Amino acid sequence: MIAIIGAGNVGKALAQRCRVAGETFVFGTPEPAKYESLGHDLRVAVLGVEDAIRQAAIVILAVPHAAAAGVVALLSDWEGRILVDVTNPIAPELGGLTIGTSTSAAEQLAAAAKGARVVKAFNTTGAENLANPQYPSAATFLPVCGDDSGARAAVVDLALRMGFDAVDLGPLRAARYTEPFAMMWIHMAYACGHGRQFAFARIQRTAATGVAAS
Ligand SMILES: NC(=O)c1ccc[n+]([C@@H]2O[C@H](COP(=O)([O-])OP(=O)(O)OC[C@H]3O[C@@H](n4cnc5c(N)ncnc54)[C@H](OP(=O)(O)O)[C@@H]3O)[C@@H](O)[C@H]2O)c1
């Protein structure tokens, strides 16, 4: 069971992908009644935040960064749950990041969430791409990092089944790179005028087809 905490742009988008991947999920929000029609439309339960977390083995944190610490504090021990951090520590007016480069929001979250296996994922692209990661030429690139290799592998597997080009980046400290990478997408979308309907994709060649060094 997956608990999606937050039913906004990201929560709704990832709910769609959970369905594609055949996963069972619930939403957790501070005011479940506010999202009653969403629950009805998706035929899914909308619970209080703690109730949703307690039912789940995987918790997807899709809330404003400022709300993350409060969610983590609801459980004194996360008892091995996988906590997928989708948040980005964005400054007001999309003015940059408030945390980095010698730490990351994900590492701060992991320090606070006793017993949680924190994985950073789904934070590097816009909600439209989270809802539909497929482009004609490729799937949206999705970096995944976390200190627990089993948790990381589970999230990579989930993201692949959701239709992303999920790539294992190793330990959680790589969130120091993936959070700024999210800001790059935002910068291109807004400051550079590319809009929100684009994604980053990974291209790779084998040694056999690579250009030989001169
Ligand atoms: N939007 C994107 O394209 C995008 C892409 C990647 C990552 N992100 C990151 O994903 C996170 C969510 O973004 P979003 O665009 O989905 O935001 P959003 O549309 O504003 O939705 C936020 C959700 O979090 C809920 N929430 C607020 N405070 C909460 C709390 N204390 N406990 C539990 N839930 C709470 C809200 O509930 P109420 O409606 O009741 O307040 C709402 O359902 C952010 O950290 C953002 O940086 C966003």
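By class, the shell around the ligand holds 13 nonpolar, 11 polar and 2 charged residues. Nonpolar here covers Ala, Val, Leu, Ile, Met, Phe, Trp, Tyr, Cys and Pro; Asp, Glu, Lys and Arg are charged, and the others, Gly among them, are polar. The model is predicted: local features need pLDDT of at least 70, side-chain atom pairs count only at pLDDT 80 or more, and totals for chains, interfaces and linings use all residues. Residues are numbered from 1 along each chain as its sequence is written.

The ligand is surrounded by 26 residues, of which Gly6, Gly8, Val10, Ala67 and Thr87 are the closest. The largest share, 4 residues, comes from α4. Helices (H or I, at least four residues) and strands (E, at least two) are DSSP runs, numbered from the N terminus.

Helix α1 has 12 residues, which at 1.5 Å a residue should span 16 Å; its end C-alpha atoms are 17 Å apart, so the two agree. The expected span is 1.5 Å times one less than the number of residues. Buried residues of α1 include Val10, Lys12, Leu14 and Arg17. A residue is buried if 20 or more other C-beta atoms lie within 10 Å of its own, exposed if 12 or fewer, and partly exposed in between, with C-beta atoms placed from the backbone. Among the elements covering the buried residues of α1 are β1 (2–5), α2 (36–42) and α7 (149–162). Just after α1, glycine 22 has a positive phi of about 75 degrees.

Histidine 65 lies in helix α4. Because histidine 65 has 21 C-beta neighbours inside 10 Å, it counts as buried. Its contacts (C-beta atoms, placed from the backbone, within 7 Å) include Thr87, Asn88 and Ala105, leaving aside residues up to four places away in sequence. Proline 89 is 24 residues from histidine 65 in sequence and 5.5 Å away in space, C-alpha to C-alpha.

An open sheet of 8 strands runs in the order β3-β2-β1-β4-β5-β6-β7-β8, with mixed pairing. Two strands pair if DSSP finds at least two bridges between them. The edge strands, each pairing on one side only, are tabulated here.

| Edge strand | Residues |
|---|---|
| β3 | residues 46–47 |
| β8 | residues 165–168 |

Strand β7 (residues 141–146) pairs with β8 in the parallel sense over 4 bridges. Aspartate 165 in β8 is the bridge partner of phenylalanine 141.

Definitions and conventions
Near = placed C-beta within 6 Å. Contact = placed C-beta atoms within 7 Å.
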